[in-house]
Amino acid sequence: MNRQLTITTQPIDEAALLAKRKLSGGMGAVVYFLGVVRGEEEGRTITAIEYEAFQKMVEHQFHLIFDVMEKRWPIESVRLVHRIGLVRVNEPSLWVEVVTPHRGEAFAACQWLIDEMKRVVPIWKKPVA
Amino acid sequence: MRVTVCFHSYFKDLAGCAETTETLAEGVTLGRLHEKLAERFPKVGAMKNSTLLAVGVDYQPRDYVLKDGDEVSLFPPVQGG
């Protein structure tokens with residue numbers, strides 16, 4: 001399974017990510033997800049979210065998640081970009097892509113990856129008014 | 001033995017510092033260290049039930065026996081995405 005993990009303070013460049021997609025002939029499903037900062041957090045209007053990461057543990061925990069994904073689903077490729085630092089409303093903070101032979105496993109793996117990230121990957125957010 | 005303790009996210013504010021060191025007897029567990037830290041940093045102690053504990057880059061159970069030079073991290077529930 002190809003894996004690409006990027007933790008960055010730079011804006012997520014969707015067009016560049018899509019341009020670098022690689023698929024072998026047996027792949028029939030590409031699921032990708034974009035997480036975007038909402039303009040409201042716990043009922044209050046905000047302008048941005050400041051993301052903080054415990055970087056070395058973030059990378060390790062993502063790779064543990066990828067290890068499990070590789071065993072559970074026939075994934076050819078997973079790519080994930082998580083932005084840290086200040087991310088303004090309507091800007092993406094997360095981009096995930098999973099490539100598999102069929103759609104069922106691609107949706108399931110992508111959903112599971114995001115659920116696991118929200119459970120174990122040490123990233124925190126602080127709303128900015 | 002000595003271990004380094006790191007606070008992340010708003011636990012830094014609750015503790016009033018990002019990092020500290022603790023001198024411990026051999027055989028002390030992560031859970032016992034957490035109890036000591038809760039006494040020393042009461043605002044962090046108040047979050048005890050929701051605190052996540054890691055040693056290095058891995059989560060560890062409370063009965064994990066600490067080793068000299070371990071880097072222990074305390075932080076609140078994670079919120080990525």
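Which residues touch the most other members of the largest nonpolar core? Keep that in mind while we look around. What you have on screen is a predicted model, and the predictor gives the complex an ipTM of 0.94 and a pTM of 0.96. Chain B averages a pLDDT of 97, with 100% of its residues scoring at least 70.

Let's start with the sheet in chain A.

Now zoom in on β6 (residues 77–83) and β8 (residues 92–100) of chain A, which pair in the antiparallel sense over six bridges. If you find A:Leu80, you'll see A:Val96 of β8(A) standing opposite.

In soluble globular proteins, nonpolar side chains tend to be buried together. Here the largest nonpolar core has 46 residues, and the ones touching the most other members are A:Val98, A:Ala109 and A:Ile123. Take A:Val98: setting aside its neighbours within four places in sequence, it is in contact with A:Val31, A:Ile75, A:Val78, A:Ala106, A:Ala109 and A:Cys110.

How do the two chains meet? On the chain B side, 11 residues are in contact with 18 residues of chain A. Those residues of chain B divide into five nonpolar, six polar and no charged.

Most residues other than glycine have a negative phi. A:Asn90, though, has a positive phi of about 75 degrees without being a glycine. You'll find A:Asn90 in the loop between β7 (85–88) and β8 of chain A. Is A:Asn90 buried or exposed? A:Asn90 counts as exposed, because it has 10 C-beta neighbours inside 10 Å, and the cut-off for exposed is 12 or fewer.

Over in chain B, B:Ser9 also has a positive phi, about 55 degrees, and is not a glycine. B:Ser9 sits in the loop between β1 (2–7) and α1 (11–15) of chain B. B:Ser9 has 21 other C-beta atoms within 10 Å, so it is buried.

Definitions and conventions:
Residues numbered from 1 in each chain as written. Chains lettered and ligands numbered in written order. Predicted model: local features only at pLDDT ≥ 70, side-chain atom pairs only at ≥ 80, totals over all residues. pLDDT = per-residue confidence, 0-100. Contact = placed C-beta atoms within 7 Å. Nonpolar A, V, L, I, M, F, W, Y, C, P; charged D, E, K, R; others polar. Pairing = 2+ DSSP bridges. Helix = DSSP H or I, 4+ residues; strand = E, 2+ residues; numbered from the N terminus. Core = buried A, V, L, I, M, F, W, Y, C linked by C-beta atoms within 7 Å. Buried ≥ 20, exposed ≤ 12 C-beta atoms within 10 Å, placed from the backbone.
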